[in-house]
Structure formats: structure tokens, C-alpha cells
Amino acid sequence: RPSLESTTMTESMLRTAQIIASSQVVIASKSTCPYCITAKKILHTDHGVELVSYAQTLVGPISGVGPGQAAVFEIDEEIQGASVGRALATLTGLHTVPSIFIGGKHIGGCSELQTLHASGDLRKMLRSAGMVAVTRGDRIPSCTVRHVTFDAKGKGQIEVVNTNSLLAGRRVVVVGMPAAFSPTCSDKHLPGFVALKDQFAAKGVDAILVLTVNDHFAVKAWGQ
């Protein structure tokens, strides 16, 4: 039979797993710890991540953490804080706070968060986790796309290009549309940009690029 101590640790590990799974960003913290305060400031002030307290009871979570919110578990304020702290140390090998998870991955503590912040990698991780929106100054990711263009006679051409070369040195409006040939896109969305293209050009826009989830052959037919 398992000992009382092993049963308690198993329960703590379960509670810890619940906390980690509660959000794409989880911070195990102590309310008065200066390193925890710094870490929370980086996430909230510098990256706009909303921090929400994760409350834990003896029978389970009562958290109101929603999509796009970071769960903050204050070890020194919760009933099961001490046992969860020990479980976190066993799980991660980190015996200090803060202990931070992003996208289910343990990234470390305050110093590791500061390093990621300074390098710009934290922003990428938060965006991948769906925690931050695109903001002014963000770079469009480098990726390969199939670019459909039409000559003066309306003949379509398809070329494989990288977004870096496609966008470099130009002012471009990028528009995402649900699907080629869909009624709303065909009747309202796309014709509106075509009708106003001269006004965009007058504002210094070099091109309007339309992205869809369709394959390039469908997009070519839609353009024609």
C-alpha cells in the first residue's frame, strides 16, 4: 500500500499538472518576491499579457483563467501552496520562484525570462502560444508562399517566393480572406479592395496581397 507521504505527493503532482494546464502561460510565484514581481512586470507591462490569479482549493481549481490570460499561482497565499511548490521543484529541478511555463514548456525563472525578453525570443514564444497580438514594429515571419499574379492580358502566373523578397522595400497591405469563391469574399471583400486600389496607391501602397487557405490553382482561377 502507498504511504501517506507518497499519496500526498501524488495529489500535489496532480494539482500542479492542473495548474500548468490551466493556461498557455503559468507563473508559480510568491507575492512579495522581487524576482516574481519583475517577471510579472515583463509579461504584463512589456508584453501586454493579462495576469489572472489561479485559486486552488482542497478539491480542485476554482480559477477563472480564460483564453489569452496567464495563470498566476501565488504559493504563499494558497492553501496547497507549499505542497505544490515542492511538486514543482521535483518536476522542474528549480527550487526557487518564479517558475514559469509557456506553452506547457518550463522556461525557468526570472533570469531566463529576462534573457528571452532581451533577445526578442519571448515575444515569439508568447505569440506562438496565442498570448499576444501583432503590434507595430513586429516582423512578418519568413516563409514560403505561392504568389499568383496576372499580366495585362489577364494570364495568371504562379511563382514560389519567400515573404522576405516579396515584401522587402515595399509598402504592402496584406489582407486575409476565408476562402476563394466564397460568396462574401467574392461579392464584397475582394471587389472592395479592387475598387479602392487607386486610393491605396495614392497613400503610398505598392501592392495589396490577398491571402487565402486555398491552393494556388484555386486562387488563380478565382483571380481570373
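**The largest pocket**

Analyst: The residues lining the largest pocket split into 19 nonpolar, seven polar and five charged. The model is predicted. The pocket holds about 1000 Å³ of space. Its lining counts 31 residues. Nearest the centre lie H147, V148, I208, L209 and V210.

Strand β8 gives the largest share, six residues.

Next comes the second largest pocket, with about 260 Å³ of space. It is lined by 11 residues. R127, D138, R139, I140 and P141 lie nearest its centre. Helix α5 (residues 121–128) gives the most to that lining, three residues. By class, the lining has three nonpolar, three polar and five charged residues.

Now the cysteines. The structure holds zero disulfides. C36 is in none, and the nearest cysteine sulfur, that of C33, is 3.3 Å away. The cut-off for a disulfide is a pair of cysteine sulfur atoms within 2.5 Å. C36 is buried, with a relative accessible area of 0%. C185 is in no disulfide either. For C185, the nearest cysteine sulfur is that of C143, 20 Å away. C185 is also buried, at a relative accessible area of 1%.

Definitions and conventions
Residues numbered from 1 in each chain as written. Predicted model: local features only at pLDDT ≥ 70, side-chain atom pairs only at ≥ 80, totals over all residues. Heavy atoms only, no water. Buried < 20%, exposed > 50% of the residue type's maximum accessible area, 1.4 Å probe, protein only. 1 Å grid on protein atoms, 1.4 Å probe; cavity = no way out; pocket = protein on both sides within 12 Å on 5 of 7 lines; lining within 4 Å. Points joined across faces, edges and corners; volume = space filled by probe spheres on them. Helix = DSSP H or I, 4+ residues; strand = E, 2+ residues; numbered from the N terminus. Nonpolar A, V, L, I, M, F, W, Y, C, P; charged D, E, K, R; others polar.
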